[in-house]
Amino acid sequence: MAVRERIRVGGRSARIQSAVHEAVKRLGAVTDREQLTVPQIATEAGVTPSTIYRRWGDLGSLLADVAVARLRPIAEPEDTGATASDLRAFIEQFMEEMSSPVGRALIRDVFSAPGETYPVQCAGFTPEHLATIASRAIARGETPSDIDEVLDHVVAPIIYHILYGDREPTLDYCHALLDRLQSLPAMAADPADAQRTSREAAGRASVRAPRMAPPKRGAGRNSTDSKSPGRR
């Protein structure tokens with residue numbers, strides 16, 4: 001379900017959205033997600049419940065919208081000076097943030113609304129960062145990692161274990177995935193081809209949903225920490 005009202009930049013609409021988002025964050029820090037209600041959030045935000053229903057449609061869509069906003073990248077990946085260490089630092093941070101109680105709760109909320117609107121939005125965040133890392137590699141004269149290969153062989157396994165809770169991802173596990181990725185045949189020997197591939201991968205991610213099942217209810221643990229993951 002898409003947001004029902006087109007959000008204007010600035011003005012009353014933006015203030016309402018900000019107030020409701022902040023209300024969800026404050027209440028989420030002290031209240032179980034299952035106990036949150038639209039009237040409760042409306043009171044905390046200083047708006048009427050009808051305002052929330054008119055804008056978001058239902059509680060699930062509101063929680064998903066807040067989760068997407070908190071998962072949206074706020075800075076570029078760390079520039080360590082080399083492609084391999086850039087990718088390593090990014091994957092380590094990605095795993096630590098997404099496997100945290102806050103990260104798990106946000107993943108669950110992204111899938112709390114019907115449809116693919118919110119998962120599709122989140123699907124583009126990681127490829128955008130990987131495209132930045134690939135562009136830096138090209139600028140240094142290094143061979144960039146293929147974005148789709150990183151998603152398939154590194155990001156996807158990490159997310160799978162986070163969603164289904166069958167094992168806790170660790171730094172050693174992430175490093176093993178990266179080592180396995182490095183052993184694959186080079187996908188793009190020509191820097192121009194690699195740059196085009198990175199742009200196309202980022203563009204495709206913005207219009208397709210991730211091929212994963214919604215997390216089961218036990219996979220996303222509630223958090224009492226109001227701090228959201230930083231960079232994705």
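Is Arg33 buried or exposed? Arg33 is buried, with a relative accessible area of 14%; buried here means under 20% relative accessible area, exposed means over 50%, and partly exposed lies in between, using a 1.4 Å probe and protein chains only. The model is predicted, so local features need pLDDT of at least 70 and side-chain atom pairs count only at pLDDT 80 or more, while totals for chains, interfaces and linings use all residues. Residues are numbered from 1 along each chain as its sequence is written, and side-chain values use heavy atoms, with hydrogens and water left out.

Here is a friendly walk through the side-chain contacts, grouped by type.

**Salt bridges**

- The count comes to 12 salt bridges, a salt bridge being a side-chain nitrogen of Lys or Arg within 4 Å of a carboxyl oxygen of Asp or Glu.
- Asp109 is the salt-bridge partner of Arg33, at 2.8 Å from N to O. This pair links distant parts of the chain, with Asp109 in helix α6 (residues 101-110) and Arg33 in the loop between α1 and α2 (38-45), 76 residues apart. Helices (H or I, at least four residues) and strands (E, at least two) are DSSP runs, numbered from the N terminus.
- Asp109 has 4% relative accessibility and therefore counts as buried, and Arg33 is buried too, at 14%.
- Lys25 and Glu22 form a salt bridge through their side chains, at 3.3 Å from N to O. Both residues lie in helix α1 (residues 11-30), 3 residues apart, which is about one turn of the helix.
- Lys25 counts as partly exposed because its relative accessibility is 25%. Glu22 is likewise partly exposed, at 34%.

**A salt-bridge network**

- Glu76 and Arg136 form a salt bridge, with their closest N and O atoms 3.5 Å apart. Glu76 lies in the loop between α4 (59-71) and α5 (83-98), and Arg136 lies in helix α8 (residues 125-140), so the pair ties together parts that are 60 residues apart in sequence.
- What does the relative accessibility of Glu76 make it, buried or exposed? Glu76 counts as exposed, at 52%, whereas Arg136 is buried, with a relative accessible area of 15%.
- Glu76 and Arg136 also belong to one network with Asp79, Asp86, Arg140 and Glu142, joined by salt bridges that share partners.

**Aromatic pairs**

- A search of the whole structure finds 2 aromatic pairs. Rings of Phe, Tyr and Trp (its six-membered ring) pair if their centres lie within 6.5 Å; planes under 30 degrees apart count as stacked, over 60 as edge-to-face and the rest as tilted.
- Phe90 and Phe94 make a tilted pair, 6.1 Å centre to centre with 35° between the planes. Both lie in helix α5, 4 residues apart, about one turn of the helix, and both are buried.
- Tyr160 and Tyr164 have ring centres 5.0 Å apart and planes at 45°, so this pair is tilted. These two tyrosines are 4 residues apart in helix α9 (residues 147-164), separated by about one helical turn.
- Tyr160 counts as partly exposed, at 44% relative accessibility, and Tyr164 is also partly exposed, at 27%.

**Charges over rings**

- Arg55 lies over the face of Trp56, at 5.4 Å from the ring centre. For a charge to sit over a ring, NZ of Lys or CZ of Arg must be within 6 Å of the ring centre and within 35 degrees of the ring normal.
- Arg167 lies over the face of Tyr173, at 4.3 Å from the ring centre.
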